[in-house]
Amino acid sequence: MRLSRRSAVALIMAVMSMTGSACSDDSADLTVYSGRIADLMGPLFNQFEQETGVKVKVRYGDSAEVAGAALEEGDKPRADVLLVQDAGNIGQVSKSGRLTTLDAGVVDKVPTQFRSVDNHWVGLSGRARVVAYNTDKVREDQLPPEITGFSDPRWKGRLAWAPTNGSFQAFITAFRVMEGDAAAEAWLRGVKANEAKVFPNNVAILDAVGRGEVDTGFVNHYYLYRARAEGQAGKAENKYYGAGDPGGLVNVSAAGILRGAKHPVAARRLVEFLLSDNAQRYFADKTFELPVVPTVQADPALPPITALARPEVDLARLEDAKGTVDLLTRLGVL
Amino acid sequence: MLVAAIAVLPAVYLVIRAREAGLGATADLVLTTRTAQLLGRSLGLAAAVTVTAVLIGVPVGWLTARTDLPGRRLFTVLTALPLAVPSYVAALAVVAAFGPRGTIARWLGPLGVDRLPELYGFPGAWLALSLSTFPYVTLTVRGALRRLDPALEEVSRSLGVGSWETFLRVTLPQMAPAAAAGALLAALYTLADFGAVSLLRYDTFTRAIYVQYKGSLDYSAAAVLALVLAVMSLAVVAVESRMRSRTRIVSSRTARQPRVVPLGRWRLAAAGAMALIVVLGLALPVATLVTWLVVGAQEGVDLAGTLRAAVHSAQASGLGALAAVGAAWPVAVLSARRRGSVARWTERAAYVGYALPGLVVALSLVFFGARVATALYQTVAMLVLAYLVLFLPQGLGALRSTIAQVSPRLEEASRSLGASRLKTTLRVLLPLVRPGAAAAFALVFLTAMKELPAALLLGPTGWDTLATRVWASTSEGFLARAAAPALLLIAVSSVPLVFLALRDNR
């Protein structure tokens, strides 16, 4: 017993000393809160460090979590740059006045529909809403020409959705903006009446569509290409929706600089870097997203972003995320 | 008092933020049929999971602590390990095995069974959560059984009472407070769980809070809902403490090994049942992870990064467990020895943090850290503090039930012989309570290892743990990459359990 007590004390001391060393390392020149995971963003941050010599520290998390942390920190921000999965999250942070205005010179090359009106945030990569379908179960010409068609009883028991997913909610917000609240509500009621299967996320939907567990599902475009790259796509295929249809909304991952950031100059350089041709090509080649800088080509398998995104859908107008959550909650979808 | 103040920190912040939402809006949000419905679903799930956890946990605890079960030592460790499996991994494993396209469906397919009972919704959530919470009951029951005075049973037997009746009337009531403490942990864990219910598509109150917050980043609304959950959990705590106040059994002497109960012809049956539980609760998730690992090995495993994360996890969880047990000590002593309202309320306050959704607690500590504890914020110390808030009750449950079994007369004797209070605690109470304290440490350690929101938001920037690595990979669907950190997480978590089991059986 005496021995075990001594060894316990030794263990505690060892752990304490390791903790001390973990705390003392604080030499970052730039801190990023990233709502996109290290597997996607890490290589870009490394490249930025190499090119500029600026040392970057990144806190990875869920988009809502890191945006939430930035909001809770308020005027005492610990991060310089906030980077999230979709325009809705960063719109909330912008609305509470936590972001600074980005230099027009940096963000001008991005079409206005992919950044906020006041340049508080800028899109980095585009992600189109699509309908994934199983080619054994459905022929492309059997799919409705507009997303509204899926509320038809013909699709009963053949749909999958992920109502808790941020991209799905942004799509509903776009639906409300483009077609009105009443139309959005009617569509949601119809799809719900069609007993759409609820999934926790897009990956699970694409997986189920690929295996034929469900005929069609509402997802983002790139999950198909990522699954294909890993040989996991099964019989899934994407249906892109055309101009003027909320079903083809192009949302963006986005970045902004926090008000009160300790390293504003380095932060500006990072945003500049993320919009550079190199970084944009990375999004096109590695994450199968759509570059927001029009001069950079998307993956040849994808339709060009200009064919998908319409100037009349202003992503900044997708700020009413709360209205969408309230609607989904009221309808019992969430 | 300080412990209580730290424990209620998130709740106080919630009240402040809930008030911001305005009372009218608050009432609109809370007083809907949907909220009531969600409350019902959460409570129903918690009740079902708790009953199942007790039905599995008590026999497992007794069999591994007191009988000649074959492979007892091994089963002691293996039946505690499901606690190390994060609930979202347990849920994924349940889907992989029992889902519409799962292993069981494939086996039964050729036999003409083409439809399994629906897994998604209540059945799946109940199964996954029961399998990951029953060790709470096992561990607390074992802690109590180790401390059980064998004289009680012997007296009963010598008075001519049969062995079965002795078990029912003497052993079982002795286990009851510990079982109730474990059941409380299982119930509150279920109330606060997000991972399993979201993957298995069962809409509960906590899931609603997450959805509400993640959709709108409206903390005030989430705060209102979270407060409802806090009130609900206090009600559950009150039920447990009522049950406890009816059973009050104190043993007077000890340190003798209790008699080992021979199982006779039941030995193999018992071992079979234990094996089944281990297969469902542990082997299934591990097998799922190994399948992923095989797929993932093709693209290479980041071994160095995973090991570094393991060290981080062990540090934060180890310190968090020490802090939680240390802080639980005075509260447990107060609660077991005195009946005053200070003790009672301190104890109840401690449970609030545990039953709140992790994200809500983590965000409130972000606010606290960025403004008040600026020196601690985003250091390991802040994470340790968060674990103290979140997991104090786990330490408390195991400690209190063990302390309650130590007769106060031993301490009184020590004091009357001139020993100081400190000396009495160190020389008399501590050695007697050690099994309970060790169990408390192991419990908090296990739970902290798999904790996610606090590790993401409160630890040093750029400092990842095994749990955050698992999350990062699963969130984008790179399941294969999650396998290595998840397996390591289970392995590291088993270290204190192995120590516990070995010491027990010495």
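Student: Is Tyr213(B) buried or exposed?
Tutor: In this predicted model, Tyr213(B) is buried, with a relative accessible area of 2%.

Student: What does Tyr213(B) form with Tyr219(B)?
Tutor: The two form an aromatic pair of the edge-to-face kind, with 5.9 Å from centre to centre and 85 degrees between the planes. Tyr219(B) is buried as well, because its relative accessible area of 3% falls under the 20% cut-off.

Student: How many aromatic pairs are there over all chains?
Tutor: The count comes to 20. One of them joins Tyr222(A) and Tyr223(A), whose ring centres are 4.6 Å apart and whose planes make 35 degrees, a tilted arrangement. Both Tyr222(A) and Tyr223(A) are buried.

Student: Which residues do ring pairs link into a cluster?
Tutor: The cluster is in chain A and consists of Phe150(A), Trp155(A), Trp161(A), Phe168(A), Phe171(A), Phe175(A), Trp187(A) and Phe218(A).

Student: Turning to charges, where does the charged end of Arg41(B) sit?
Tutor: It sits over the ring of Tyr202(B), at 4.4 Å from the ring centre. In chain A, the charged end of Lys239(A) lies over the ring of Tyr241(A), 5.4 Å from the centre of that ring.

Student: Now the interface: how many residues does the contact take from each chain?
Tutor: Chain A contributes 55 residues and chain B contributes 53 residues. Between them the two chains bury about 4,700 Å², and 56% of this area is on carbon and sulfur atoms.

Student: Which residues in chain A lose the most area to chain B?
Tutor: They are Arg59(A), Glu65(A) and Glu72(A), which together account for 17% of what the chain A side buries.

Student: How many salt bridges does the rule find across the interface?
Tutor: Six salt bridges are found between chain A and chain B. Among the salt bridges of the model is that of Asp218(B) with Lys322(A), where the closest N and O atoms are 3.5 Å apart.

Student: And how many residue pairs are in polar contact between chain A and chain B?
Tutor: The count is 15 residue pairs, with both residues at pLDDT 80 or more.

Student: What is the make-up by class of the side of chain A that touches chain B?
Tutor: That side has 25 nonpolar, 14 polar and 16 charged residues.

Note on methods
Residues are numbered from 1 along each chain as its sequence is written. Chains are lettered from A and ligands numbered from 1 in the order in which they are written. This is a predicted model: local features need pLDDT of at least 70, side-chain atom pairs count only at pLDDT 80 or more; totals for chains, interfaces and linings use all residues. Side-chain values use heavy atoms; hydrogens and water are left out. Rings of Phe, Tyr and Trp (its six-membered ring) pair if their centres lie within 6.5 Å; planes under 30 degrees apart count as stacked, over 60 as edge-to-face and the rest as tilted. Buried means under 20% relative accessible area, exposed over 50%, partly exposed in between (1.4 Å probe, protein chains only). A charge sits over a ring if NZ of Lys or CZ of Arg is within 6 Å of the ring centre and within 35 degrees of the ring normal. Contact means heavy atoms within 4.5 Å. Buried area is the accessible area (1.4 Å probe) that two parts lose on being put together, summed over both. A salt bridge is a side-chain nitrogen of Lys or Arg within 4 Å of a carboxyl oxygen of Asp or Glu. A polar contact is a pair of N or O atoms within 3.5 Å; within protein, one must be able to donate a hydrogen and the other to accept it, and residues adjacent in sequence count only if both atoms are side-chain atoms. Ala, Val, Leu, Ile, Met, Phe, Trp, Tyr, Cys and Pro count as nonpolar, Asp, Glu, Lys and Arg as charged, and the others, Gly among them, as polar.
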